[in-house]
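My entries follow in the order in which I checked them.

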Amino acid sequence: MAVIAPFRGLRYNPELVKDLSLVVAPPYDVISPDSQRAFHARHDQNVIRLILGEIREADNGEQNRYRRAGDDFRRWQAEKILVRDPAPSMYLYQQVFRAPGGEELTRRGLIALVRLEDFGGRTVFPHERTMAAPKEDRLRLMQSCHANLSPIFGIYPGPLLEVDRLFITEEKINPTIDLSDWDGIRHRVWVFHDRELIAEVRNAFELTPIFIADGHHRYETALAFRDLMRAKDRGDHSAKNTRPYNYIMMTLVSADDPGLVILPIHRLLRQLPGGGLDAYLAQVSQQFSVERMPLPVNREAGAEAILGRLQATGSGIHRFGLYVGGESAYLLTLADERIVEAEVAEGKPAAYKRLDVTILHALLIDGPLRRQGQAALPDDAFLYTHDAVEAIRMVQRGGWGAAFFLNPTKIEEVQAVAGAGLRMPPKSTFFYPKLLTGLVIHSILLDEVVDA
């Protein structure tokens, strides 16, 4: 199903950038304003200046962060700060990290180009909804830089023996890139350009679908950019498959990889739906059992206690945590799964209806609002975080009235929902750790795609 290809990646020149850890960054959409300033201060050529440049007071339609990103990108290539690999290559990417429970894990992925496919083609599957504003932002950046600056995180049903064999071979030799980031996560990259090996890997993916884990907005932006570029080709169909804009850079990870970790994304609300705490609990108790849970004074211990109770939930049981301040939290456990059938829109398959994020929004947020005759909450009424300690702190500090905690979505659920052609609510998954930006860049202006 998937068509993948090698490419001559742009990488930081080790002769001019001695410490690569100073110029890489996380994906743009997980960078806070404070982190954005910190990454700008780390190095004059930090990739943050491309993916999330600073907004200045004098910015206008001609001079803005998109224009500066494009100018910097071209200048860094002219000055050999970014240099191209000499041959079309694929890249093996290894991350060694500690899971939230403290266990050391390793995740392995293949960085390659993947031919862009419309979602109806059943080759590339999304699992989350997207929003217009981020796509407009990323399209302006792509039009300025003509590059895939960050890889999409893709998952394939696995394992693929051809990829596994490559890792077994390459991990015995020194990597091309080896660095530890600000969180102590080790990132290593091996570059391979043997045409026979690349052909074996490409053949292995021919019958393999790809599920987008992270990067939905960037993938849809790339589709829009492709269509704009195709229109400029004025019907030249002979080279369309080889044009670089028909492809996007992805890091492809097996769904069976033991280092594939999904964290929950908790919800903060400005206020509880449908009234105060007592009224809210009385209303939801018709569908959920409610258990008051005393919390330790220490926020870290309190978050650990809530998440521990959620993680201990048995298979097939849907349980959520609620915190509205003070020294207690509440555990809300769905009384009967049949309730979901009546509350979630008809026509949705069981895989969608039984997602914790679906149940949370349908029964604990939208349901109470609807029964009070209120409209659905606007996007700015929510805040999302995978950090449970931070969620408690923000409620205690004021400005946010309630935090809902939930268990992580399982990779099997992601594949089942995406395979059914459906999408989860926004921010349903947090794949950990994030892929680094700045290890490899794909320029859309350079070369045609090899063996397309």
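**Arg267 and its partners**

I find that the side chain of Arg267 makes a polar contact with the side chain of His361, at 3.2 Å; a polar contact is a pair of N or O atoms within 3.5 Å, where within protein one must be able to donate a hydrogen and the other to accept it, and residues adjacent in sequence count only if both atoms are side-chain atoms. The model is predicted, so I note that local features need pLDDT of at least 70 and side-chain atom pairs pLDDT 80 or more, while totals for chains, interfaces and linings use all residues. Residues are numbered from 1 along each chain as its sequence is written, and side-chain values use heavy atoms, with hydrogens and water left out.

I also see the backbone oxygen of Ile265 at 2.7 Å from a polar atom of the Arg267 side chain. Arg267 has a relative accessible area of 0% and is therefore buried (under 20%, with a 1.4 Å probe and protein chains only).

**Helix α4 and helix α7**

I looked up α4 against helix α7 (residues 216–232), and their axes, which are lines fitted to C-alpha atoms over the stretch in contact, lie 9 Å apart at an angle of about 55 degrees.

**Helix α3 and helix α4**

For α3 (residues 65–78) and α4 (residues 132–145), I noted axes that come within 8 Å and cross at roughly 35 degrees.

Technical notes:
Buried means under 20% relative accessible area, exposed over 50%, partly exposed in between (1.4 Å probe, protein chains only). Axes are lines fitted to C-alpha atoms, for helices over the stretch in contact, and angles run from 0 to 180 degrees between N-to-C directions. Helices (H or I, at least four residues) and strands (E, at least two) are DSSP runs, numbered from the N terminus.
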